[in-house]
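I set aside some time today to look through this model. My notes follow in the order in which I looked things up.

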Amino acid sequence: MTLELVLQCIGAVFLLGGSFFCIVGGIGLVRLPTFYTRCHAAGVTDSAGAAGVLVGLAFVSTPLVAFKLVTVLAFVWLTSVASTHALVKAAHARGVRVMNTPRLDWTIPPPAPDDGEVDPSTPPSDLGPHLSGEEA
Amino acid sequence: MEEAITIALFALLLVMAMVIGRERNLFSAAMLTGIFSLISAGLFTALDAVDVAFTEAAVGAGISTVLILATLALTDHHEAHDRLHPSKVNWKAVGVVTLTGVALLYGTVDMPAFGVADAPIHEGVAKHYIDHSFEEIGIPNVVTAVLASYRGYDTFGELGVIFVAGLGVALLLGAGAPSITSEHPHLPQKSRAPYVREMPVVRVVTKALLPFILLFALYVQAHGDFGPGGGFQAGVIFAAGLVLYGLVWGPTALERFARHRIVERATAIGLLLYGGVGVATMAVGGNFLEYGVLTPEHPQHGQHYGIFLVELGVGITVSAVMLVIYYVFAARNVSPTRSSAPVTLPPPPMSEDAS
Amino acid sequence: MSYVYAAAASAILITMLLAMGRAIVGPTTYDRILALNAFGTKTVLLIAVMGYLFGRPEWLDLALVYGLCNFVGTLAVLRFSKYGSLANDVTLPPDAEDHA
Amino acid sequence: MIANLWHYGLVVVLMMTGLYIVIAKRNYVKKMMGLAIFQTSVIMLYVTMGKVTGGTPPIFVQNDDGTLTEGIVYSNPLPMVLMLTAIVVGVATMAVGLALVVRIKEAYGTVEDDLVTELNREDEARRHLSAAAQPIKESKS
């Protein structure tokens, strides 16, 4: 069946593309310097990665399963976007700032270079120690 | 590939467990527990236990994270530093654990290898279930057939345990306490919790998704005969959907949809429905939970009816118990003043020292 | 085609590993929440791909449940991190007297 | 032979991690988390034992006419049934444990094991002292 083969090829391309975006997003999640940039990386895996993988799978499935896949994709898109939005808003409200000026990041040698995001001018200690993140 | 994925997920699980062990910030540990549960659910899927994975996904990532966080809100967010062994490994515990582990490992040397088809566990009733359940019960999902029919007694007992656990939590935390709305009689009908104004996107998305979540729970409930699913999973998903509503709008708003008192009654109703099916089969002339006698001319149909009713009872009780647990924890969160209520433990004269 | 599935599954596993690393390292609480959220999405994808890899792709209901419960968990964590409580009217400095 | 027993080893390590947390950590909430890990390891033990290599989940594959497709290996459904209920029961019992933790916090003001033990000991000593002092007081009056 040539049609089946064509669909499989398209599906494979989508799948591999999705996998690529997943890995790229994952690397970004680890390597990017500040919280907001990492949010962007996670967004890549949640939107492009999920879309690639699920649409790729939908090309090689029966219509019912394809429908379910599209439902899952719609669900993931809605919820992950909403929760990332709420997360960024909460982080901004709690004083996580985009302090990514090269001067700050490269001249001070902290134990971990990512540590300087919580704005020291607004210490979050008034609402409990759980918000101040990692101490080490 | 199957085995490779299994081992990879297992390795992730182990790393996660150890990280949870050394994380001193309990709030972070709670989040890591959520990830732990997601990994284990993935592992269950890789090990063919789709029903178990279904349950774990619904329970672990949703309900139990909420529970731990609700507890943390009422206790401490951070582990206190141990004064006797400050930030050191507890070598006594390591010794005990190592000894136990070595003994257990020694015990597994004779056990059957991974995945062999002729292991003792696959003989006996398990073989009977796979070979004959389709002709005897008539539903494709063997797990549901075993759960609701062959081992109906067992499931009845488990449901009783869940009911008693819900009762215990309600007695420990909410005994005689007024429900959330009666505590705030002056609250206007429109909830004016401030965060509702703060998170419009989350609010809209939740509102749009909620009917589908509840519908999906009903689908899982009814579809348990043919695919993974059933009363346990559906109950937890239903409760998770309502808890989601409670998280976004506040438990006060949720109370307007599902009254605390009614939900409390529903915990018993499900259990009674389960038991009632058993009594009905006895009244017709069979054994307890022998569904076949319900329709003597066509035992398979009786099995279908029986399994449907029993699963419905399971779903009602499980979702009601989860909701009751959420309610009593949330009520504590709303009114911290109640924490000064007299404690039913032996009255400690040292309580002023402790605080 | 099974090679493609295997490659996709490996890629998703690697991404899970990376997200887990971010969840462990932190440094802020919000990084952990972000990693939890990303991890949940990756689990959904892994379940979907595993279904195809093992030849029984019809149970995507499972993936849907993962997405849902991940959402519930993330929101719970967010509410907690924002207000230190899961109920509505504790530790809200400006509006607290509305409910007291 | 030993090489195919890896799953037991992993389960045991996981179980011992949970056990270590339960024994060594003093925070009750942390202990509950350890207990949850321990429980997951037990569930994992059952589920790995039920797995058959090359098997599929025990949901029958049907032909179009409603009969069963022959020649498919299914994994063992029995451990899954037991563990499925165990998970839900586990979360319900964990809720009981966490409720107890909340009550302990309210009664003692702490959820650290050693502090609670210390407070109990102090309390006992005080009760002992007051019991010893009681007859003297009465004789004075």
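**Chain B, overall**

I began with chain B and counted 15 helices and 0 strands. I note here that the model is predicted. Of the 355 residues of chain B, 59% count as buried. I then looked up the contacts in chain B between residues at least 6 apart in sequence, and 72% of these join residues at least 24 apart.

**Ser149(B)**

I picked Ser149(B), which sits in helix α6 (residues 142-150) of chain B. Is Ser149(B) buried or exposed? Its relative accessible area is 12%, so I put Ser149(B) down as buried, the cut-off for buried being under 20%. I left aside the neighbours within four places in sequence and listed what Ser149(B) touches: Ile137(B), Thr144(B), Tyr291(B), Gln303(B) and Ile307(B).

**Aromatic pairs**

Phe35(A) and Tyr36(A) are both buried.

Tyr245(B) and Trp249(B) make a stacked pair, with 4.8 Å from centre to centre and 20° between the planes. I found both Tyr245(B) and Trp249(B) in helix α11 (residues 231-249) of chain B, 4 residues apart, which is about one turn of the helix. I checked the accessibility of each partner. Tyr245(B) has a relative accessible area of 22% and is therefore partly exposed, whereas Trp249(B), at 9%, counts as buried.

I also noted one aromatic cluster in chain B, formed by Tyr153(B), Phe156(B), Tyr274(B) and Phe288(B).

**α1(A) against α1(C)**

I turned to helix α1 (residues 2-31) of chain A and helix α1 (residues 2-25) of chain C, whose axes come within 8 Å and cross at roughly 15°. I therefore recorded α1(A) and α1(C) as roughly parallel to each other. Their crossing is left-handed. On the α1(A) side, the residues in the contact include Leu15(A), Leu16(A), Cys22(A) and Ile27(A). On the α1(C) side, Tyr5(C), Ile14(C), Leu18(C) and Arg22(C) are among them. I sorted the residues of the contact of α1(A) with α1(C) into 16 nonpolar, 3 polar and 1 charged.

Within chain D, α1(D) and helix α2 (residues 28-50) pack at an angle of about 165°, with axes 7 Å apart. That makes α1(D) roughly antiparallel to α2(D), since the cut-off is over 145 degrees. I logged the crossing of α1(D) with α2(D) as left-handed. The contact takes in, among others, Tyr8(D), Val11(D) and Leu14(D) from α1(D), and Phe38(D), Ser41(D), Met44(D) and Leu45(D) from α2(D). Its residues divide into 15 nonpolar, 5 polar and 2 charged.

I looked at Val11(D) on its own, in helix α1 (residues 6-24) of chain D. At 2% relative accessibility, Val11(D) counts as buried. What does Val11(D) contact, leaving aside its neighbours within four places in sequence? I found Ser41(D), Met44(D) and Leu45(D), and also Phe10(B). Last, I took the C-alpha to C-alpha distance from Val11(D) to Val73(D): 25 Å in space, for 62 residues in sequence.

Notes
Residues are numbered from 1 along each chain as its sequence is written. Chains are lettered from A and ligands numbered from 1 in the order in which they are written. This is a predicted model: local features need pLDDT of at least 70, side-chain atom pairs count only at pLDDT 80 or more; totals for chains, interfaces and linings use all residues. Side-chain values use heavy atoms; hydrogens and water are left out. Axes are lines fitted to C-alpha atoms, for helices over the stretch in contact, and angles run from 0 to 180 degrees between N-to-C directions. Helices (H or I, at least four residues) and strands (E, at least two) are DSSP runs, numbered from the N terminus. Angles under 35 degrees count as roughly parallel, over 145 as roughly antiparallel, 65 to 115 as roughly perpendicular and the rest as oblique. A crossing is left-handed if the near helix is turned anticlockwise from the far one by less than a right angle, and right-handed if clockwise. Contact means heavy atoms within 4.5 Å. Ala, Val, Leu, Ile, Met, Phe, Trp, Tyr, Cys and Pro count as nonpolar, Asp, Glu, Lys and Arg as charged, and the others, Gly among them, as polar. Buried means under 20% relative accessible area, exposed over 50%, partly exposed in between (1.4 Å probe, protein chains only). Rings of Phe, Tyr and Trp (its six-membered ring) pair if their centres lie within 6.5 Å; planes under 30 degrees apart count as stacked, over 60 as edge-to-face and the rest as tilted.
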